[in-house]
Structure formats: structure tokens, C-alpha cells
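Please keep the sequence and the three-dimensional view at hand while reading.

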Amino acid sequence: MAKIKLTKVPFAGTPEQAKQLEERLEALKSVPGGLMPALQQAQDIYGYLPIEVQMKIADTLNVSLEEVFGVATFYSQFTLNYRGEYQVSVCLGTACYVKGAGDIINALKQKIGIESGECTEDGKFSLVETRCIGCCGLAPVMTINSNVYGKLTTDQLDGILKEYM
């Protein structure tokens, strides 16, 4: 079983987010199979699914917290971890991996000081490993939010990260 990594950044939802979640959950309360859309909408609001949000979903939809957690951890579209201001994603698809993506992800772990799936304590960077993003001709590829960096070498990482510091 995969190890679940929890964020070190404390949950800090706003009253506006709580109101928005409550309104959306109320609309899904009587919808059969409403858990999936509830999780999707909650993640749209908060950017991730902290335990506080999972408990609210469970209470409102009258399902167990275990069921909410089970669905949230089964589907890769959901994350339990806070995502940093800058989400650094490294493609580990076949083309990227063969061309050195393993070295890129290992170098990033050292430079940013976190493991994949984690967020820096200041909330600035999060690091994730992805599978093919469709840029095989640019392998190895990394994205930071919507910016794509291709044909990467570990020597380029300091200069790229500097843009975001």
C-alpha cells in the first residue's frame, strides 16, 4: 500500500470557502452518488482535501469518513496535500524517464528540500511526479504551474527555480 504523506502546512480555509462548500454540498445531499462530485467541488474550492473538509463532506452527505477518505485516496485526481504556490511536476513517463527524469526529480528533492507529494513549510513549492504529459519530444519535461520546461538537465534547475523565489 502506498504511504500517504500529509502536509505540514496547517489548514487555513476562509469563511467564504466554507460557505461555498456548504452551498455545494447542500445541492448534492440528495443526489445518488454525490460523493464524487462533492470531492471534486471541494477540491476546486480549496485546492486539496484536508481532513477538515473530508469531515464536513462526510457529515453533510451522511456517509462515513472512511468512505470519503477511501474515495479521495483511490482516485489520482484528488490530493490530500496542500499544493504550494508553485506546483513543480516532473514527468516520469517512459520517454522522460529514459532521458534522465529520475535525475531531475532527485535533484529537485534536494534543492527544494521535500519529497514528492509534499509541500515546503512556507507553502511556496510542492513537488509531484506525473506520468506522460504529452511532451515526449521535449523529454525530460518539468512543469511549474502552467509553464513547461523541456530538454532539461540538472544544471538548468537552479536558474529555473530562481525565477520563482
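Rings of Phe, Tyr and Trp, the last through its six-membered ring, pair if their centres lie within 6.5 Å. In this predicted model, Tyr86, Phe125 and Tyr164 form one aromatic cluster. The points below begin with the aromatic pairs and then turn to the sheet, the cores and the helices.

**Aromatic pairs**

- The structure holds five aromatic pairs.
- One of them joins phenylalanine 11 and tyrosine 46, and this pair is tilted because the ring centres are 5.6 Å apart and the planes stand at 50 degrees.
- Phenylalanine 11 lies in the segment before H1 and tyrosine 46 in helix H2, so that the pair links distant parts of the chain, 35 residues apart.
- Phenylalanine 11 is partly exposed, with a relative accessible area of 29%, whereas tyrosine 46 is buried at 13%.
- A further tilted pair is formed by tyrosine 86 and phenylalanine 125, with 5.8 Å from centre to centre and 40 degrees between the planes.
- Because tyrosine 86 belongs to strand S1 (residues 86-91) and phenylalanine 125 to strand S2 (residues 125-130), this pair ties together parts that are 39 residues apart in sequence.
- Tyrosine 86 and phenylalanine 125 are both buried.

**The sheet**

- Four strands make up an open sheet in the order S2-S1-S3-S4, and their pairing is mixed.
- S2 and strand S4 (147-149) stand at the edges with a single partner strand each, so one side of each has no neighbour in the sheet.
- On average, neighbouring strands of this sheet are turned by 20 degrees against each other when direction is ignored.
- Strands of a sheet pair through backbone hydrogen bonds, in either a parallel or an antiparallel sense.
- S1 and S2 pair in the parallel sense over six bridges; across this pairing, valine 88 stands opposite leucine 127 in S2, and serine 89 stands opposite valine 128 in S2.
- S1 and S3 run antiparallel and are joined by three bridges, with valine 90 opposite methionine 142 in S3.

- S1 is mostly covered, as six of its six residues are buried.
- In a regular strand the side chains alternate between the two faces of the sheet.
- In S1 both faces are covered: Tyr86, Val88 and Val90 are buried on one side, and Gln87, Ser89 and Cys91 are buried on the other.
- Threonine 143 is placed in strand S3 (residues 142-144).
- Since buried means under 20% relative accessible area, threonine 143 counts as buried at 13%.
- Neighbours within four places in sequence aside, threonine 143 is in contact with Gln87, Val88, Ser89, Ile133 and Val148.

**Nonpolar cores**

- The largest nonpolar core has 25 residues, of which Val88, Val90, Leu108, Met142 and Ile144 touch the most other members.
- At least two residues of this core come from each of S1, helix H6 (101-112), S2, S3 and helix H7 (157-162).
- H6 gives the most to this core, contributing six residues.
- Leucine 108 touches Val88, Val90, Gly113, Leu127, Met142, Leu157 and Leu161, when residues up to four places away in sequence are not counted.
- A second, separate core of 19 residues has Leu28, Ala42, Ile45 and Leu61 among its members.

- Leucine 21 is placed in helix H1 and counts as buried, at 3% relative accessibility.
- Apart from neighbours within four places in sequence, leucine 21 is in contact with Ala42, Ile45, Tyr46, Val53 and Lys56.
- Leucine 21 and proline 50 lie 29 residues apart in sequence and 13 Å apart in space, from C-alpha to C-alpha.
- In helix H3 (residues 51-61), the buried residues are Val53, Gln54, Ile57, Ala58, Thr60 and Leu61.
- The elements that cover these buried residues of H3 include helix H1 (15-28), helix H2 (35-46) and helix H4 (65-74).

How values were computed:
Residues are numbered from 1 along each chain as its sequence is written. This is a predicted model: local features need pLDDT of at least 70, side-chain atom pairs count only at pLDDT 80 or more; totals for chains, interfaces and linings use all residues. Side-chain values use heavy atoms; hydrogens and water are left out. Buried means under 20% relative accessible area, exposed over 50%, partly exposed in between (1.4 Å probe, protein chains only). Contact means heavy atoms within 4.5 Å. Rings of Phe, Tyr and Trp (its six-membered ring) pair if their centres lie within 6.5 Å; planes under 30 degrees apart count as stacked, over 60 as edge-to-face and the rest as tilted. A nonpolar core is a set of buried Ala, Val, Leu, Ile, Met, Phe, Trp, Tyr and Cys residues joined through side-chain atoms within 4.5 Å. Two strands pair if DSSP finds at least two bridges between them. Axes are lines fitted to C-alpha atoms, for helices over the stretch in contact, and angles run from 0 to 180 degrees between N-to-C directions.
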